[in-house]
Amino acid sequence: MKKIKNILLLISLFTFQSLFSIETICQEYPELHSFFDSQDYKSRAPKNGIKIIDTGIDGPQGASTNIEFREKKMFFEIVISKNLIDKNILTAEELKFIICHELGHCNDADLLKKVVPITVALFACKVSVCWYTVWNLLKYKTLSAKHVALSGCVFMGCELLKNKLNRDGEYFADRYGFALTKNKEAAISMLNKRKKMSKKKYSYLPKFLAQLLDDHPTEEDRINVL
Ligand SMILES: [Zn+2]
């Protein structure tokens, strides 16, 4: 009997995970109750809801949007790190901005029309370059400098274009979040916390190169675009 009860509890936890996640957020941040009840949230909420997952990430970078493809349709879900909620690192307004930023990703029309198809095409291009390189290596047992340079340029070009698309998506989501929250101070203080708490990729490279290689804009650029 106890076993069946546990299984039922597990099923209900799985089914209503997003509901429980919002409840968990509201336990820590009661101020957000009215936001989750509002039409602003309900009309934009991702189909798969919000999930709190133990990712071990403490800072604002612990929130993201996942895309799932099912039956030729795209389903979004917002994922928030458990530590980010439990440790009360953000104020309610900062967390609200993050959630609204993620709602921006979920409701970004460009994502469907432009970003996903281009990202898939770029991935296919990179796979083709890799395959062509391996094929040449197997056939001729060597690679010419011209071939290496060409493959490298194509590969890097794809990567830079993908990063540019991602960065544009981040600016869009920030503006979307700001339009919903109308709280610039909260957005700026969240971005400053993010800067302090996240490790910078490519910090060993010159600044302009590090920015090109990063799929997220710098926090300074994000503040300027708000
Ligand atoms: Zn984002």
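This is a predicted model: local features need pLDDT of at least 70, side-chain atom pairs count only at pLDDT 80 or more; totals for chains, interfaces and linings use all residues.

Trainee: What is the cut-off for calling a residue buried?

Mentor: A residue is buried if 20 or more other C-beta atoms lie within 10 Å of its own.

Trainee: Which helix is Leu180 found in?

Mentor: Leu180 belongs to helix 8, which covers residues 145–181.

Trainee: And which residues does Leu180 touch, leaving out those up to four places away in sequence?

Mentor: With those left out, Leu180 touches Asp40, Cys100 and Leu103. There is also Gly104 to consider: Leu180 and Gly104 are 76 residues apart in sequence, yet their C-alpha atoms are 9.5 Å apart in space.

Trainee: Let us turn to helix packing. How does one describe two packed helices?

Mentor: One gives the angle between their axes and the distance between the axes.

Trainee: What are those values for helix 7 and helix 8?

Mentor: Helix 7, residues 109–140, packs against helix 8 at an angle of about 160 degrees, and the axes are 10 Å apart. That angle makes helix 7 roughly antiparallel to helix 8.

Trainee: Is the crossing of helix 7 and helix 8 left-handed or right-handed?

Mentor: The crossing of these two helices is left-handed. By class, the contact of helix 7 with helix 8 holds eleven nonpolar, six polar and two charged residues.

Trainee: Which residues meet there?

Mentor: From helix 7 they include Leu111, Val115, Ile118 and Leu122. On the side of helix 8, Val154, Phe155, Leu161 and Leu165 are among them.

Trainee: Is Lys141 buried or exposed?

Mentor: Lys141 is exposed, because it has 7 other C-beta atoms within 10 Å, and a residue counts as exposed at 12 or fewer.

Trainee: What about the loop that comes between helix 8 and helix 9?

Mentor: Lys182 is found in that loop, and helix 9 itself covers 184–197. Phi of Lys182 is near 55 degrees, a positive value in a residue other than glycine. Lys182 counts as exposed, because it has 9 C-beta neighbours inside 10 Å.

Trainee: New topic: how is the chain divided into domains?

Mentor: There is domain 1, covering 2–90, and domain 2, covering 110–225. Their centres, taken over C-alpha atoms, are separated by 27 Å. The contact takes eight residues from domain 1 and seven residues from domain 2. On the side of domain 1 that touches domain 2, four residues are nonpolar, two are polar and two are charged.

Trainee: And how many helices and strands are there in the chain?

Mentor: The chain has eleven helices and three strands. From the N terminus on, the elements run α-α-α-α-β-β-β-α-α-α-α-α-α-α.

Trainee: What does the C-alpha trace span?

Mentor: Along its principal axes, the C-alpha trace spans about 65 × 50 × 30 Å. Of the 226 residues of the chain, 22% count as buried.

Methods
Residues are numbered from 1 along each chain as its sequence is written. Helices (H or I, at least four residues) and strands (E, at least two) are DSSP runs, numbered from the N terminus. Two residues are in contact if their C-beta atoms, placed from the backbone, lie within 7 Å. Axes are lines fitted to C-alpha atoms, for helices over the stretch in contact, and angles run from 0 to 180 degrees between N-to-C directions. Angles under 35 degrees count as roughly parallel, over 145 as roughly antiparallel, 65 to 115 as roughly perpendicular and the rest as oblique. A crossing is left-handed if the near helix is turned anticlockwise from the far one by less than a right angle, and right-handed if clockwise. Ala, Val, Leu, Ile, Met, Phe, Trp, Tyr, Cys and Pro count as nonpolar, Asp, Glu, Lys and Arg as charged, and the others, Gly among them, as polar. Domain bounds come from an automatic or database domain assignment.
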